[in-house]
Amino acid sequence: MNRLRDDAEAVVPQVDAAHVRDILDRLAARASCRDFDESLISPEILEDIVRDGVEAPSSCNQQNWHFVIVADPASKRRARDISGGNHHFAECSALIYLCFQKGWTHGNFSIVQSVAGACYHMMLSAHLRGFQCIWNAGIGDQVALREMIGLPETFDVIGALAIGRAKATSPKNKAPRRPIHEIFSWEKFERPSASCYPVKPAAAYPYWEIRNDANPYAEWNPAHWRWDQLADFRGYSVWAKSPLAGVYVSRRQGEATAVEMSLLPALPSGAKVVEVMGWGGTTTTALMGALGHDAQLTFVELSANNLSFMTERLRREGHDMSRLHGEVMVNGTLPQADGSVDLVVLPQVLEHMPAPEAFLDEVRRVLAPGGYVLASVRNMTSAYGAHWRAVEAVGAIPNQGPFTPIAAADLATWMHARFTIEADLGIGAEATGDAARLTGDACQTGRLYAMRGRRA
């Protein structure tokens, strides 16, 4: 390696290193924006940005790409609705839909690589011009989108680039980047095991057999994952991590979170509360709204990357940050001391853990005598459980990590073995969406099952 380095240094071109570094640092400062101010960008500038983009290389130089600029306000609102949740589609100055003609240079996805290269060239052009942008693969229903932009069947669309000016109050967080030593190696493949995720054993993993909605190799059982793999997966995925207030709220959870919070106990003044893996701050916000004004809440995650985004999200939600504190949990061990906590909240997270029963032992360890635990799970023995088996579990692992729903009866058994049970209820009679309260014999049939226990 030293000989290689010496030989390479002998032929390094003469450049102004400081000038090069300045350019690269400016490019590296680019960060995705989801909070635009709705101001206009002139058509001439937008066309110049596209013109810059097509200076990128293309497979066989065929340039079988096409870029549709959408700037009409009504069309952008339509694009937002088609996307199913990208609010920024309506607020940006313009969308550039990234299309390519099917049938040419498909080997190794070279035409898709070409369009991606052009898109990034446009992003850098926009960034250097003082604009902000975000590249979106989640563009929604293809049929409706094709109709909106008049795209012929001989072309496909693979994403949209949203360009505009960030609001003055827009978050400045940039999503974390992996340390360089983790993502490259010399001469042969070497990568930290924490960032190589479990899959079901197979002789080969053909690309064409793996889709988001159908992945026969996806390992949904968290018992087959290590804690460090879960931490890595969650810490770099961007699920629900945008720090924008009140925007990224799970449609699956819907109003169910409020019903879960109805099980919260009355707590003493200054109570110490711990929430574990709180859904990017969504459930944390709901919990803060339900707790007393002087409760102290520690939100625990598996990665410091999650904590940085959650902290900014919670600040923007208007919470008293003197009452909030984030900590990292390593290998399933809570950072709290024995008998130091008044309440632990587990909002549909036991099903994401390698050993949920062992984690309940950990919860019991940190609870003070008379302390409470509020636990909810997605219920395997429900309409949702059937939906998970038939639809969700045949696809790819979601960005929040692998999980397997837990039968309500199993949770009840685990909780009874460790705590005095004070209340339980089922939530949601349907497979998805509703938040009906289910009690009595129907309690363990709900989409979600929640329990409140107390340490003797």
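**Sheets, a packed helix and a pocket**

In the predicted model, Leu95 has Ala162 of strand E4 as its bridge partner. This pair belongs to the contact between strand E2 (residues 94-101) and strand E4 (residues 155-164), where eight bridges link the two strands in antiparallel fashion. Both strands are part of an open sheet of four strands, ordered E1-E2-E4-E3 and paired antiparallel. Helix H6 (residues 110-128) lies across E1, E2, E3 and E4, and its direction makes an angle of about 155 degrees with E2.

A further open sheet contains eight strands in the order E7-E6-E5-E8-E9-E12-E10-E11, and its pairing is mixed. Strand E7 (324-328) and strand E11 (437-438) are the edge strands of this sheet, each pairing on one side only. Within the sheet, strand E8 (residues 341-347) and strand E9 (residues 367-378) run parallel and are joined by six bridges. Leu343 stands opposite Tyr372 in E9.

The second largest pocket has a volume of about 280 Å³. Its lining consists of 14 residues, and those nearest the centre of the pocket are Val199, Asn215, Ala218, Ala396 and Ile397. By residue class, the lining of this pocket comprises 11 nonpolar residues, two polar and one charged.

Note on methods: Residues numbered from 1 in each chain as written. Predicted model: local features only at pLDDT ≥ 70, side-chain atom pairs only at ≥ 80, totals over all residues. Heavy atoms only, no water. Pairing = 2+ DSSP bridges. Contact = heavy atoms within 4.5 Å. Axes fitted to C-alpha atoms, helices over the stretch in contact; angles between N-to-C directions. 1 Å grid on protein atoms, 1.4 Å probe; cavity = no way out; pocket = protein on both sides within 12 Å on 5 of 7 lines; lining within 4 Å. Points joined across faces, edges and corners; volume = space filled by probe spheres on them. Nonpolar A, V, L, I, M, F, W, Y, C, P; charged D, E, K, R; others polar.
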